[in-house]
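Hello,

Here is the structure I promised to pass on to you. Have a look at it first, and my notes follow just below.

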Amino acid sequence: MRTPLRPLTRRGLLTGALGSAALLAAGGSLAGCGTRAATQTEAGCVSEDLSGTEKTLTFSNWPQYMDVDDADTAKRPTLDAFVAKSGIRVTYTEDINDNREFFGKVQHQLAGCQPTGRDIMVLSDWLAARMIRLGWIQKLDKSKLPNVQANLLPSLRNRSFDPSDHLAVPWQSGLAGLAYNGRVTKEIRTVDELLIRPDLKGRVTALAEMSDTMGLLLQSNGHDPAYFSNAQFDEALAKLKKAVDSGQIRRFTGNDYAPALAKGDIAACIGWSGDAIQLGFEDDKIKFVVPESGAMLWSDNMLVPNRATHKGNAEQLVDYYYQPAVAARLAAYVNYICPVQGAQAEMEKIDPALAAHPLIFPDAAMLARTAVFMALDEKQEREYESKFQRVIGA
């Protein structure tokens, strides 16, 4: 059964100008106590796997990011089925409400090679990249992940922050692109239209998530967001600043743009595909557009932190969710891009309309027009965020 519009999507909890400012504070704090000292190595921070004798697993995820039974929300059908099949008892917690906030919860333990009490955590690309860069994530055994090896979407393989695909496995994915309300404006096809079209002046919002907004502007300038130079970033940022200074962009948001878009208070925005899907269930005039220059593809990733003691159990769960039938059941509830090949055919049995939805199962042509934002080193992360925050007024 199709999921009704939920008041706050998982992606919408991710960001905001305040959160971006917190990123700079967190980065400064980490640098202040010495990032090099916080960096770990596989040899220097050894993790013991007790999965052979302990059939338990602690799984940290975001709210509303797991399928539940409509009649009994305490039941999680796919997760309950995993427990029954594997005999592994799962402690499932929805304790990730913001990437930056969560980083603050675990950074001191991971920096000191101490356990976090978690075996799997689901984090967005940029934070996954940071933790991988710091050496805080355990390598997965690919031989224990046959479903992942067979079924992971090609567009999500060999990402810049995990080129060997052995550290981060996508849980769900989505797109950052353009959205507009067809009741109050005509179609939008390009990022440049959003930034300069006179009829949209003051009726546009953009995302406070740097990688999404800047990735789209880099693409609009003909540059690859997965591999760009400082000069290319600055060129795209100048383009954004011009739109801010002219009053074209009203403000920068998390997903609080969604109600305003639905009401027509704003006409168009840089937004996320998951929001557009849910708004579209209520109003078919709300449209999501992959710009002609391309869209940004993001993922929230399953990672096993250092000193987690049940990596083998975690690998079983990760691989279980890459069975197409299981992935389809999950996607039918959360409505994000399913990262699992073969799940679309299984979705036909659950909800043919969702199986045909291009924002849940994008075709190869759409995915070919997407990019994953470049993995940043510590210096780049601080410099780019600082520049971006100055432009958006955070």
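Lys387 sits in helix H17; please keep in mind that this is a predicted model.

Two packed helices are described by the angle between their axes and the distance between the axes. The axes of H17 (residues 378-392) and helix H8 (residues 210-220) come within 11 Å and cross at roughly 85 degrees, which means that H8 is roughly perpendicular to H17. Which residues make this contact? From H8 they are Met210, Thr213 and Met214, and from H17 they are Tyr384, Glu385 and Phe388. Sorted by class, the contact of H8 with H17 has four nonpolar residues, one polar and one charged.

Next, turn to helix H13, which covers residues 324-334. Eight of its eleven residues are buried, so H13 is largely enclosed by the rest of the structure. The buried residues are Val326, Ala327, Ala328, Leu330, Ala331, Ala332, Tyr333 and Val334. What do they pack against? Their partners are helices H3 (77-86), H11 (273-282), H12 (311-320), H14 (343-350) and H15 (352-355), together with strand E4 (169-181). After H13 comes Asn335, which has a positive phi, near 65 degrees.

Finally, a few words on the protein as a whole. It has 17 helices and ten strands. The C-alpha trace spans about 65 × 50 × 35 Å along its principal axes. A compact globule of 394 residues would have a radius of gyration near 21 Å, and the 20 Å of this protein agrees with that. Buried residues make up 57% of the 394. Of the contacts with a separation of 6 or more, 78% are between residues 24 or more positions apart. The protein exposes about 15300 Å², of which carbon and sulfur atoms supply 52%.

Enjoy exploring, and write back whenever you like.

Best wishes

Note on methods
Residues are numbered from 1 along each chain as its sequence is written. This is a predicted model: local features need pLDDT of at least 70, side-chain atom pairs count only at pLDDT 80 or more; totals for chains, interfaces and linings use all residues. Side-chain values use heavy atoms; hydrogens and water are left out. Axes are lines fitted to C-alpha atoms, for helices over the stretch in contact, and angles run from 0 to 180 degrees between N-to-C directions. Helices (H or I, at least four residues) and strands (E, at least two) are DSSP runs, numbered from the N terminus. Angles under 35 degrees count as roughly parallel, over 145 as roughly antiparallel, 65 to 115 as roughly perpendicular and the rest as oblique. Contact means heavy atoms within 4.5 Å. Ala, Val, Leu, Ile, Met, Phe, Trp, Tyr, Cys and Pro count as nonpolar, Asp, Glu, Lys and Arg as charged, and the others, Gly among them, as polar. The radius of gyration is taken over C-alpha atoms; the globule rule is 2.2 Å times the number of residues to the power 0.38. Buried means under 20% relative accessible area, exposed over 50%, partly exposed in between (1.4 Å probe, protein chains only). Accessible areas come from the Shrake-Rupley method with a 1.4 Å probe; for residues, only the protein chains shown count as cover.
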